[in-house]
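Let's take a walk through this one together. Keep the viewer open and follow along as we go.

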Amino acid sequence: MIYQTLWNNLPYLAEGAAMTVALAVALLVIGLAVGTALGLSQSYGAWPLRWGATLIERLFRAIPAVVLLFLFYYGISGFYDISSFAAAALALGLRSAAYQSQIFRGAIASVPSGQMAAARATGLTRRQAITAVVLPQALRQAIGPWTNEALSELKDTSLAYTIGVVELMRQADYIVSANYGHTLAVYGAAAVMYLLLSLAATWLLHRADAQLRVPGFAHS
Amino acid sequence: MSDQPLMRVSGLHKRFGDKTVVRDVSFTLARGEVKGIIGPSGAGKSTLIRCLNGLEPIEAGQVWLEDTELTARGADLDTLRSRIGFVFQDFNLFTHLTVRRNVTLALIKVKKLSRHDADHIAERELARVGMADKLEAYPAELSGGQQQRVSIARALAMEPELMLFDEPTSALDPQSVGSVLRVMRQLVAEGMTMIIVSHEMAFIEAVADDVLFMVDGAIVEEGSAQQIFHQPQQDATARFIDGIAAALIGDGGDEPASR
């Protein structure tokens with residue numbers, strides 16, 4: 001009976017889902033840190049920094065995710081014993097950083113130049129003006145597009161299946177091979193779990209957006 | 001009071017691309033003086049005033065604040081700017097901060113005051129511009145006139161030695177203009193040194209000790225308000241003043257006579 005099979009395997013699917021969430025969080029944190037640095041370098045850096053950041057950004061946007069995963073796992077494991085989870089978090093995290101850098105760069109550019117001028121006019125240094133005036137406004141603007149990126153990455157964690165990370169997709173695959181079939185039902189169950197994770201993530205990020213909203217200030 | 005001018009500008013040139021917007025501008029500003037800058041749109045008034053605190057880099061010339069050259073290579077612009085208050089045409093309040101935090105930001109970051117002391121100053125300065133009841137409001141919740149008064153308080157909180165006003169009422173509805181001009185009049189009465197770029201001719205005539213009339217980036221005439229508005233020495237000045245008078249009476253139709 002298929003429902004019995006699914007029910008019995010639910011703990012494995014849940015375990016896979018937990019791994020999916022862990023990988024998504026890890027790669028998004030890497031992406032946020034590196035992406036902010038890249039976006040800031042592209043917006044405010046001197047030309048070598050700007051060029052370097054742009055080069056990294058183009059590189060990681062141009063290479064397919066699966067190729068990055070193989071490069072970071074099989075490539076690095078040749079000289080360093082990297083876990084498949086760490087390799088996946090790095091490969092997908094740096095790729096996400098490239099995309100996130102463009103979100104932040106756009107958000108920084110959307111802050112009117114008068115804000116920087118007013119900050120500098122009161123005596124703030126450039127660095128202070130960026131951190132205290134421009135960035136807080138830019139990051140708030142970035143929450144919308146960042147939500148899209150986060151959801152997209154949550155789904156792309158399934159690619160880590162190819163280098164052996166035991167996440168939701170690979171658990172589903174194990175269940176299928178252990179039960180000689182029920183392909184549609186098992187992958188269907190995995191799909192439902194991705195849906196639930198996406199809905200939960202959307203809800204969380206929209207709540208954060210509402211919390212950080214500035215009274216009277218229309219969000220675009 | 002010393003004889004040394006508070007601000008000295010000599011031979012200032014500013015270009016955008018190959019268009020010269022400020023040409024060979026020189027003047028001095030005494031402590032306690034109120035200087036008005038008037039002229040047709042596009043005369044370079046706003047660009048000039050933005051050069052005076054280094055918001056715009058310049059091609060040639062010098063700006064001195066007492067003994068310090070603001071335009072010198074390696075000048076400590078941040079410190080110099082904290083001595084010069086600047087009020088923008090479109091206010092530029094920090095949209096993500098409350099009225100209170102707009103005023104305290106530079107006090108805490110630049111003057112390194114404690115939050116407590118900064119709050120105290122903010123409350124005092126906001127009361128001075130009639131905004132004491134809006135401490136926790138955000139800029140987007142305020143009218144233009146209220147925002148401009150907060151921005152004046154933000155500048156005053158730094159206890160500047162002079163205030164620069166870049167068309168402070170141009171973006172305001174007629175009702176709000178009065179409230180902002182009242183605050184500025186009060187500053188004049190308190191002896192604040194000010195440079196005001198404005199199209200409010202009656203206001204400039206009433207408060208300015210000295211008026212610069214600019215056309216095409218250059219000072220065409222400098223003199224007392226009495227001279228500029230009633231005995232202009234230059235034809236261009238006379239045409240400009242007559243044009244405004246005519247437009248006010250409705251004599252000249254929709255077209256200002258000077259252009």
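Predicted model: local features only at pLDDT ≥ 70, side-chain atom pairs only at ≥ 80, totals over all residues.

What percentage of the 259 residues of chain B count as buried? The answer is 43%.

For the complex, the predictor reports an ipTM of 0.90 together with a pTM of 0.85. Chain B has an average pLDDT of 92, and 95% of the residues reach at least 70. There's one stretch to treat with care: over residues 252-259 of chain B, pLDDT stays under 50. The model has 15 contacts beyond four places in sequence for that stretch.

Now for the overall build of chain B. Count up its secondary structure and you get 9 helices and 10 strands. Its radius of gyration is 19 Å, close to the 18 Å from the globule rule for 259 residues, so chain B is as compact as a globular protein of that length. Along the principal axes, its C-alpha atoms fill a box of roughly 55 × 45 × 40 Å. If you take the chain B contacts between residues at least 6 apart in sequence, 62% of them link residues at least 24 apart.

Next, zoom in on strand β1 (residues 7-16) of chain B. This strand runs antiparallel to β2 (residues 19-29) of chain B, and 7 bridges join the two.

What about the interior? In soluble globular proteins, nonpolar side chains tend to be buried together. The largest nonpolar core in this model has 127 residues, and those touching the most other members are A:Ala88, A:Ala91, A:Val134, B:Ile37, B:Ala153 and B:Leu164. Helix α4 (residues 84-110) of chain A contributes the largest share of this core, 13 residues. Pick out B:Ala153 and look past its neighbours within four places in sequence: its contacts include B:Val103, B:Leu126, B:Val129 and B:Met131. B:Glu125 and B:Arg128 are among its contacts too.

Finally, the interface. Here 20 residues of chain A are in contact with 22 residues of chain B. On the chain A side, α5 (113-121) and α6 (126-156) each supply at least two residues.

Methods: Residues numbered from 1 in each chain as written. Chains lettered and ligands numbered in written order. Contact = placed C-beta atoms within 7 Å. Helix = DSSP H or I, 4+ residues; strand = E, 2+ residues; numbered from the N terminus. pLDDT = per-residue confidence, 0-100. Core = buried A, V, L, I, M, F, W, Y, C linked by C-beta atoms within 7 Å. Buried ≥ 20, exposed ≤ 12 C-beta atoms within 10 Å, placed from the backbone. Pairing = 2+ DSSP bridges. Rg over C-alpha atoms; globule rule 2.2 N^0.38 Å.
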